Amino acid sequence: MLRIPRDEPVLFASDTHLAAEAPGTAARFLDALGREGPGAPHLFLLGDLFELWVGDDGADPLAARLAEVLRGLAARGVSVRLMRGNRDFLLDVPRPGASAAGYGARCGATLLDDPCPVELHGEPALLAHGDALCTDDLVYQQWRRTCRDPAWQAAFLARPLAERLAIGRGARETSEAGKREKPGALMDVNAAAVDAAMDAAGARLLIHGHTHRPAIHRWRTAAGVERTRVVLTDWDAEAGRGSLLRWDDGRAVG
Ligand code: MN
């Protein structure tokens with residue numbers, strides 16, 4: 001298990017939803033990385049970095065720019081770690097027969113499993129994107145199982161890029177329309193799923209994104225265990241939202 005000692009600050013972000021159509025948000029994120037990135041030896045990006053990702057061969061100039069910034073941080077000694085989200089679940093998934101370096105390697109980054117247990121400043125913690133914990137949304141969970149299946153992914157990635165982009169864009173529109181009809185509770189984590197995941201990992205701290213409901217929740221389990229769940233913010237420059245979370249000396253600062 002990854003162990004991060006107490007004297008090594010960590011930066012977290014998720015849900016930047018980078019897209020050419022939202023240059024302000026991309027600028028906000030890249031500025032934050034440039035300003036704060038060199039000041040912490042660890043950077044964790046916990047999924048949905050990109051609004052849409054249909055394969056590493058579809059990386060656009062924005063993805064190339066982010067890779068350059070992350071590679072620059074890595075060159076300065078920052079450990080950069082990436083987790084896939086529900087929008088960029090194909091990030092760094094090799095295409096059948098492709099020989100080019102994956103996006104993670106282009107960023108000088110290591111890919112993380114979801115969920116990923118870590119020891120963070122002495123505390124047993126679990127890092128996740130968060131979508132797997134939204135277990136009340138049965139339709140989404142069924143789709144999640146489908147799109148994480150290696151055979152499904154290989155078949156999808158074998159299609160031409162233009163076709164994958166068209167399918168991906170169509171799916172996003174359907175999903176956005178569906179979201180407007182889903183009750184809010186369906187789009188949040190399920191408390192029992194959170195406790196089960198933390199039980200399985202022996203974690204006292206959970207850090208995730210995805211729900212766009214930034215907060216720090218504290219509770220005590222039936223067994224009397226104190227737990228904390230930190231929800232990362234999403235990024236939207238037009239709404240004035242989005243910042244890196246800095247974890248310093250065992251707690252969130254700033
Ligand atoms: Mn998400």
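This is a predicted model: local features need pLDDT of at least 70, side-chain atom pairs count only at pLDDT 80 or more; totals for chains, interfaces and linings use all residues.

Reply: A salt bridge here is a side-chain nitrogen of Lys or Arg within 4 Å of a carboxyl oxygen of Asp or Glu. The structure holds 23 salt bridges, and another of them joins Asp-131 to Arg-148, whose closest N and O atoms are 3.8 Å apart. Because Asp-131 lies in the loop between E7 and H4 and Arg-148 in the loop between H4 and helix H5 (150–157), this pair ties together parts that are 17 residues apart in sequence. Asp-131 is buried, with a relative accessible area of 0%, whereas Arg-148 counts as partly exposed at 26%.

A further salt bridge links the side chains of Lys-179 and Glu-176 at 3.3 Å, N to O, and since these residues stand three apart in helix H6 (residues 161–181), about one helical turn separates them. Lys-179 is partly exposed at 29% relative accessibility, and Glu-176 is partly exposed at 27%. Through shared partners, salt bridges join Lys-179 and Glu-176 with Asp-48, Glu-51, Arg-87 and Arg-172 into one network.

Asp-48 leads on to the metal site, as the manganese ion is coordinated by Asp-48 (OD), Asn-86 (OD1), His-129 (NE2) and His-210 (ND1), at 2.0 to 2.2 Å. Asp-48, in the loop between strand E3 (42–46) and helix H2 (61–75), and His-129, in the loop between strand E7 (123–128) and helix H4 (138–147), are 81 residues apart, and both are buried.

Note on methods: Residues are numbered from 1 along each chain as its sequence is written. Side-chain values use heavy atoms; hydrogens and water are left out. Donors are N, O and S atoms within 2.8 Å of the metal (3.2 Å for Na, K and Ca); water is not among the atoms, so sites may look incomplete. Helices (H or I, at least four residues) and strands (E, at least two) are DSSP runs, numbered from the N terminus. Buried means under 20% relative accessible area, exposed over 50%, partly exposed in between (1.4 Å probe, protein chains only).
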